Each structure stands twice: as C-alpha cells, then as structure tokens.
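Q: I would like to learn how to read a structure of this kind, one feature at a time. Could we look at it together?

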Amino acid sequence: NAEDGDMAQCIRSCSDCSDICTATYRTASRRTAGNVQLIQNMFALCIEACERCAEECEKHDNAHCKRCAKICRETIEDCKKALEFMKKGS
C-alpha cells in the first residue's frame with residue numbers, strides 16, 4: 001500500500017482524468033455539426049489523462065485503484081477507436 005502522501009497525487013490524477021473524460025464525452029456526443037479538430041484533440045487529451053491516471057493507480061494495491069486503472073485502459077482503447085473512426089470519415 002502507498003503512504004498517505006503518495007495517495008494525494010493519485011487522487012489528483014483521478015479527479016483530473018474524470019473531469020477530462022466528462023468534457024470529452026460532452027463535446028464528442030453533441031448531435032449537431034462539430035469542430036472535428038477540437039473533438040480529435042479532446043480524444044487525444046483524454047487518452048493522455050487516462051494513461052497518466054492508469055500509471056498512477058497501478059502503483060497502488062487497493063480496490064479503487066485497480067478498478068480505475070482497468071477502466072482507464074478500456075477508455076484509452078475506446079478513444080483510440082473513435083479517433084480512427086473519425087480519421088476514416090474525413
């Protein structure tokens with residue numbers, strides 16, 4: 001288990017990642033014509049945030065961190081698929 005000081009960075013990373021994922025979802029899911037470049041940038045940022053969060057959570061041996069890292073890895077794959085789909089459509 002990590003020391004209390006180590007968890008502060010993990011909590012910050014999880015919070016930042018959650019906010020970025022939410023903003024990405026909200027931006028990408030609007031049904032009106034969108035700014036494709038902005039949405040692609042949001043997906044790229046979401047991937048980066050999830051990678052950093054997963055790496056941080058993988059340092060800790062607790063149930064939350066294990067679930068969080070797993071979901072981050074799944075979200076990375078989903079964002080990469082969405083980016084590929086967008087590139088094929090343009």
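Q: Which residue forms a salt bridge with D61?
A: A word on the source comes before the case: this is a predicted model, in which local features need pLDDT of at least 70 and side-chain atom pairs count only at pLDDT 80 or more, while totals for chains, interfaces and linings use all residues. Residues are numbered from 1 along each chain as its sequence is written, and side-chain values use heavy atoms, with hydrogens and water left out. The general idea is that side chains of opposite charge can pair when their charged atoms come close. A salt bridge is taken here as a side-chain nitrogen of Lys or Arg within 4 Å of a carboxyl oxygen of Asp or Glu. In this structure D61 pairs in this way with K66, and their closest N and O atoms are 2.9 Å apart.

Q: How many salt bridges does this rule give, and where do K70 and E74 lie?
A: The rule gives six salt bridges, and one of them joins the side chains of K70 and E74 at 2.5 Å, N to O. Both K70 and E74 belong to helix α3 (residues 63–89), where they are four residues apart, about one turn of the helix; helices are DSSP runs of H or I with at least four residues, numbered from the N terminus. An α-helix has 3.6 residues a turn, so residues three or four places apart point the same way.

Q: Is E56, which forms a salt bridge with K59, buried or exposed?
A: The terms rest on relative accessible area, computed with a 1.4 Å probe on protein chains only: buried means under 20%, exposed over 50%, and partly exposed in between. E56 counts as buried because its relative accessibility is 11%, whereas K59, at 60%, counts as exposed. The closest N and O atoms of E56 and K59 are 3.3 Å apart. In the other pairs, D61 is partly exposed because its relative accessible area is 48%, while K66 is exposed at 52%; K70 is exposed at 51%, and E74 is partly exposed at 36%.

Q: How should I read the span of α2?
A: The expected span of a helix is 1.5 Å times one less than its number of residues. Helix α2 has 22 residues and reaches 31 Å from its first C-alpha to its last, which is close to the expected 32 Å. Among the buried residues of α2 are I39, Q40, F43, C53 and C57.

Q: Which residues have the most contacts inside the largest nonpolar core?
A: A nonpolar core is a set of buried Ala, Val, Leu, Ile, Met, Phe, Trp, Tyr and Cys residues joined through side-chain atoms within 4.5 Å. The largest one here has 21 residues, and C53, C57 and C72 have the most contacts inside it. The elements giving two or more residues to this core are α1 (4–28), α2 and α3, and α2 supplies the largest share, nine residues.

Q: What does C57 touch, leaving aside residues up to four places away in sequence?
A: Contact means heavy atoms within 4.5 Å. With those neighbours set aside, C57 touches C10, C14, C65, C68 and A69, and C53, counted likewise, touches S13, C14, C17, C68 and C72. C57 lies in helix α2 (residues 36–57) and counts as buried because its relative accessibility is 1%. Helix α2 also holds Q40, which, leaving aside its neighbours within four places in sequence, is in contact with L83, M86 and K87.
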